Amino acid sequence: MAASRTLGTFRLPPLPTIREIIKLFRLQAVKQLSQNFLLDLRLTDKIVRKAGSLTNAYVYEVGPGPGGITRSILNAGVAELLVVEKDVRFIPGLQMLSDAAPGKLRIVHGDVLTFKIENAFPESLKRQWEDDPPNVHIIGNLPFSVSTPLIIKWLENVSHRNGPFAYGRTQMTLTFQKEVAERLTASTGSKQRSRLSIMAQYLCDVQHIVTIPGQAFIPKPEVDSGVVHFTPLTRPRIEQPFRLVERVVQNAFQFRRKYCHRGLGMLFPEAQRLESTGKLLKLADVDPTLRPTQLSVLHFKSLCDAYRKMCDEDPHLFAYNFREELKQKGMTRKSYRL
Ligand code: SAM
């Protein structure tokens, strides 16, 4: 056994099925917590295979639940798997897996939104940002209400090279509502192109690797899921602070069906809006009549660089927030007409 473990050929011994585990430990899904479980181990194997080679890898699984994906990860030859699960009911079932894979599975009863993975794995795994990605992976199927805010937080961590990215360009394989997966990976000009597409693609190589039909889950959710693989880029496609990029992208997509100058204009106070929007678009060399969905990451790079220049010239500019102004005037975005 010891020899096979070093060679990375470990296989879990025969175990009760996930369905039996759910029965045995009374793990009925809690609808309010959006719990939907993957029971088909061929499917969880497929998701894990798509994460890339996990031989001798250190893997952080978020929200393991009854442990379907967990089993596939353990069978992929990992050095160590650390799981963080919020719902205490799943801990005994996970403990059973840990007993079946001695020394490989570490279980934390905690919340992925606050857990600090940067201190959890050996320092020796750390790589320079420009090197190949470290042998550290994040994998998970979380409720959609958690996975979307979490990816925004992790993208900001990518930009600062901290959190899970203190190890280097840690790869992530995460499940989202199919529509969100499509937005994350949408190319220029496509219907799904949105804020998320730019925020993800300026920092990472992003691939929609598998679509999982709703019926693969128990209980069946209302929508299908998409699994997305992220590899942080050695050099971000936009070299400006995350918050600045977020500001430009958020404003550009504010009126997604209008010409891009409409949304971008909201970067500026009303009194100077027309003139400053013109200056921004001219400096960036971007056609004002493009729709937000038609803007490439390169267009956004030029827009962010130009906006940065204008903020450097006018230090009050970055503090201006159109949404705050609307709130103060008691208006909604729709009731506001240019
Ligand atoms: N990964 C399992 C699977 O594919 O069968 C379970 C999926 S279920 C959709 C999501 C799991 O994430 C549940 O076990 C839930 O308790 C857990 N979870 C939800 N929010 C969490 C959080 N903030 N931190 C850790 N685990 C969380």
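A: Let's start with Arg26, which counts as exposed because its relative accessibility is 66%, and the cut-off for that label is over 50%. This is a predicted model, by the way. You'll find Arg26 in the loop between helix H2 (18-24) and strand E1 (37-38). What makes Arg26 worth a look is its phi, which is positive at about 50° even though the residue isn't a glycine. For background, most residues other than glycine have a negative phi.

Now hop along to Arg161, another residue that isn't glycine but has a positive phi, near 55°. Arg161 sits in the loop that runs between helix H6 (144-160) and strand E6 (171-177). With a relative accessible area of 37%, Arg161 is partly exposed.

As a rule, most peptide bonds are trans. The one from Ile218 to Pro219, though, is cis, and its omega is near -15°. Pro219 belongs to the loop between strand E8 (217-218) and strand E9 (225-232).

Last stop: Pro288, in the loop between helix H11 (273-284) and helix H12 (297-313). Pro288 is partly exposed, with a relative accessible area of 34%. Setting aside neighbours within four places in sequence, Pro288 is in contact with Tyr259, Cys260, His261 and Leu281. As for Arg262, its C-alpha is 8.5 Å from that of Pro288, while the two residues are 26 apart in sequence.

Definitions and conventions
Residues numbered from 1 in each chain as written. Predicted model: local features only at pLDDT ≥ 70, side-chain atom pairs only at ≥ 80, totals over all residues. Heavy atoms only, no water. Helix = DSSP H or I, 4+ residues; strand = E, 2+ residues; numbered from the N terminus. Buried < 20%, exposed > 50% of the residue type's maximum accessible area, 1.4 Å probe, protein only. Contact = heavy atoms within 4.5 Å.
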